[in-house]
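Try each task yourself before you read the solution.

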Amino acid sequence: MYAVELKEVSKHFGSVTAVNRLSLRIADGEFFSLLGPSGCGKTTTLRLIAGFEMPSAGEIFIGGNEQGYLPANRRPVNTVFQHYALFPHMSVAQNVAFGLEMSGVPRREIQRRVGEALEMVHLSGLGNRKPGQLSGGQQQRVALARALVNRPKVLLLDEPLGALDLKLRKAMQVELKALQHQVGITFIYVTHDQEEALTMSDRIGVMHKGSLLQVGSPQEVYEAPQTRFVSDFIGDTNHLDGLVTGLANGEAAVQIRGAQQPVRALTVNGVRLGQQVTVAFRPEKVLLDRQAQPDGNTLAGRVVDVVYTGSSTTYLVRLQDGQQVMARQQNAAVSPQMRFQSGDLVTLSWPVHACKAFAE
Amino acid sequence: MSARSFPRSSTWARWSARLSSFSLSSYGFLSYLFLYLPILILVVFSFNDSRSVTQWAGFSTRWYGEMLADDQVILALWNSLFVAGVSTLISTVLGTLAAVAMERYRFAGRLAVDALLYLPIIIPDIAMAIMLLIFFNQSGLGFEPWRLELFGLRLAVPYSVIIGHVAFNISFVAVVVRARLAQMDPTLEEAASDLYANSWQTFWRVTLPLMMPGIVGGALLAFTLSLDDFVITFFTSGAGFNTLPVRVFGMIKKGVTPKINAVSTLMLAFSLLLVFVSLFARRGEKNPAGELGV
Ligand SMILES: Nc1ncnc2c1ncn2[C@@H]1O[C@H](COP(=O)(O)OP(=O)(O)OP(=O)(O)O)[C@@H](O)[C@H]1O
Ligand SMILES: [Mg+2]
């Protein structure tokens, strides 16, 4: 049995299709992230599960039960809203107690559980404050406590860290993940930050225009993207356009205009001979040198920009035909004669297994 | 006169700037004078120790004494307060419900209802008064009074007056409450239902408390408008029923005395008090005065 299952769920707003025949199974206790660009339908999917919107088509199951048109207050899920949505006229403790009161838990037990929940998010002693008297990070914790105190089957989180600054955000990521481990509740986490999704999730679902493009572990999604969109959206990626001149053993030979020899790449989805394709590979897989490496792919180019970012340096290299490639090197691992400047002639090399050809 | 005839043009510019800023501030001063001079005169002459309302003859509170001794004025005062109180109560409940319906629900004909709700604010009082008069006449509802005893006074307040006041106050309450609702984050209500509250619990525990400043503001506005109303009361009261403004009108027909000034000053004080209470009740909100002056 799955914690949450969506079967062919669609949602239309007038002529806009926000969610398009989306099917998804999320296991008990899983930390699942929905990742995608703005407007791809992440929030709508979450709202469909929570019961704030009703699907135009398809079925939603929570804990094996079909939800149908069940309203939000009768679904065993709780939500952490992007802007917290704390009740401003109630104290922190009253906010956290609200769900328990509504479900008729005895007063004594409410008091005990509210205390425990506030302790869990390190807010003991702030129970009498109003939400307006708390910092953004503290409000975030109250929102978490208010949802978790009800021990829902599933916790839905809509960009819960979106309003926090970078440093607090990183700290909360770690804390949130630890909390999820501790309570063992299924988390469905919406974000458009791919780094956040990669560091926190057991599995990631990448959405685009209302559809799920790929579902998999962070490694799978990062290392083995199935479409150009996924490869592009998750992490930095180089894309080179070329023509397929040979096919063998799941590899394609792709001729980049102006290059001396074709680039070899793993084929993903039905690449045909003579087709125009995109070759994709990560900047950190690319080695920069003054001469060609013995095996793998090599291309020659000229450095046009150098961006130093502390732990690593990113080089922008222009090829003969004008296409550009990013190469990222860890600064600690690089000897001084392997540092380059704008205008240097260099050779780019990267392994075939880290390179994919997508037909568009 | 061209600027060239002034060799020290910078001095000229400075003076002209001073002049224009002086004339601007004096325009402001004049418009305030225009607004408040009559009121000031009214208040000052209510303390005049003479029958004359044009010649000052020393300070006295005798007209206030006469006012309090006039049973007709006292009765009118209680009538005013009673009509304002009851109509405010009814119109606050109905106006709030209308505001919630408009702001939170989508239903067929919503746009038409929306436009109709504002009609009493827009149409002239006199038109509304005549419509109500015809309505009470034709429908046979008439001007039957509600008889009751209040602090030893026998009041006879026509239902038609209360209904008339409710009719225009609903719109004002609805507008003020709606402005408040529109500012409210609708995800708060979603959060309540996410935390297992049904629609009623959501309304009582979340929507209503958050609307409260708007409701209080709307109620105070309704109370003030009701106290100040002359036209609608005059046309819907049948014969022999006086609220304070109607009573003042009746007194003026027999000649202006400083007693009228005293009554008017009393009404003015009431209205001012209500405005301050309402500003106080809605403190902490952004731009509270802006919404009050609908
Ligand atoms: N209530 C609504 N009425 C009409 N269109 C809507 C409504 N809610 C969402 N949409 C549309 O559905 C699409 C998906 O919206 P959604 O809010 O789910 O995106 P999202 O992935 O959460 O984006 P973001 O990252 O910006 O929050 C958008 O095109 C949006 O304009
Ligand atoms: Mg969203």
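**Cavities and a ligand shell**

The second largest cavity has a volume of about 30 Å³. This is a predicted model, where local features need pLDDT of at least 70 and side-chain atom pairs count only at pLDDT 80 or more, while totals for chains, interfaces and linings use all residues. Residues are numbered from 1 along each chain as its sequence is written, chains are lettered from A and ligands numbered from 1 in the order in which they are written, and side-chain values use heavy atoms, leaving out hydrogens and water.

**Exercise 1.** Find out which residues line the second largest cavity.

Step 1: On a 1 Å grid over the protein atoms alone, a cavity is a set of points where a 1.4 Å probe fits but cannot get out, and lining residues have an atom within 4 Å of a point.

Step 2: look at the elements. In chain A, α4 (136-148) and α5 (166-183) each give two or more residues, and α5(A) gives the most, with 4 residues. Helices here are DSSP runs (H or I, at least four residues), and strands are too (E, at least two).

Step 3: sort by class. The lining of this second cavity holds 5 nonpolar, no polar and 2 charged residues.

**Exercise 2.** Now work out what surrounds the largest cavity.

Step 1: go for the volume, which is about 60 Å³ for the largest cavity.

Step 2: switch to chain B. The lining is B:Leu77, B:Ser80, B:Leu227, B:Asp228, B:Leu244, B:Met267 and B:Phe270.

Step 3: At least two residues each come from α3 (71-104), α8 (199-228) and α11 (258-281) of chain B.

Step 4: by class, that lining has 5 nonpolar, 1 polar and 1 charged residues.

**Exercise 3.** Which atoms of A:Cys40, A:Gly41 and A:Lys42 come up against ligand 1?

Step 1: use the cut-off for a polar contact, a pair of N or O atoms within 3.5 Å.

Step 2: start with the backbone. A polar backbone atom of A:Cys40 sits 3.2 Å from an oxygen atom of ligand 1, and for a backbone N or O atom of A:Gly41 the distance to a ligand 1 oxygen is 3.0 Å.

Step 3: turn to the side chain. A:Lys42 puts a polar side-chain atom 2.8 Å from an oxygen atom of ligand 1.

Methods:
1 Å grid on protein atoms, 1.4 Å probe; cavity = no way out; pocket = protein on both sides within 12 Å on 5 of 7 lines; lining within 4 Å. Points joined across faces, edges and corners; volume = space filled by probe spheres on them. Nonpolar A, V, L, I, M, F, W, Y, C, P; charged D, E, K, R; others polar. Polar contact = N/O pair within 3.5 Å; in protein donor to acceptor, adjacent residues only side chain to side chain.
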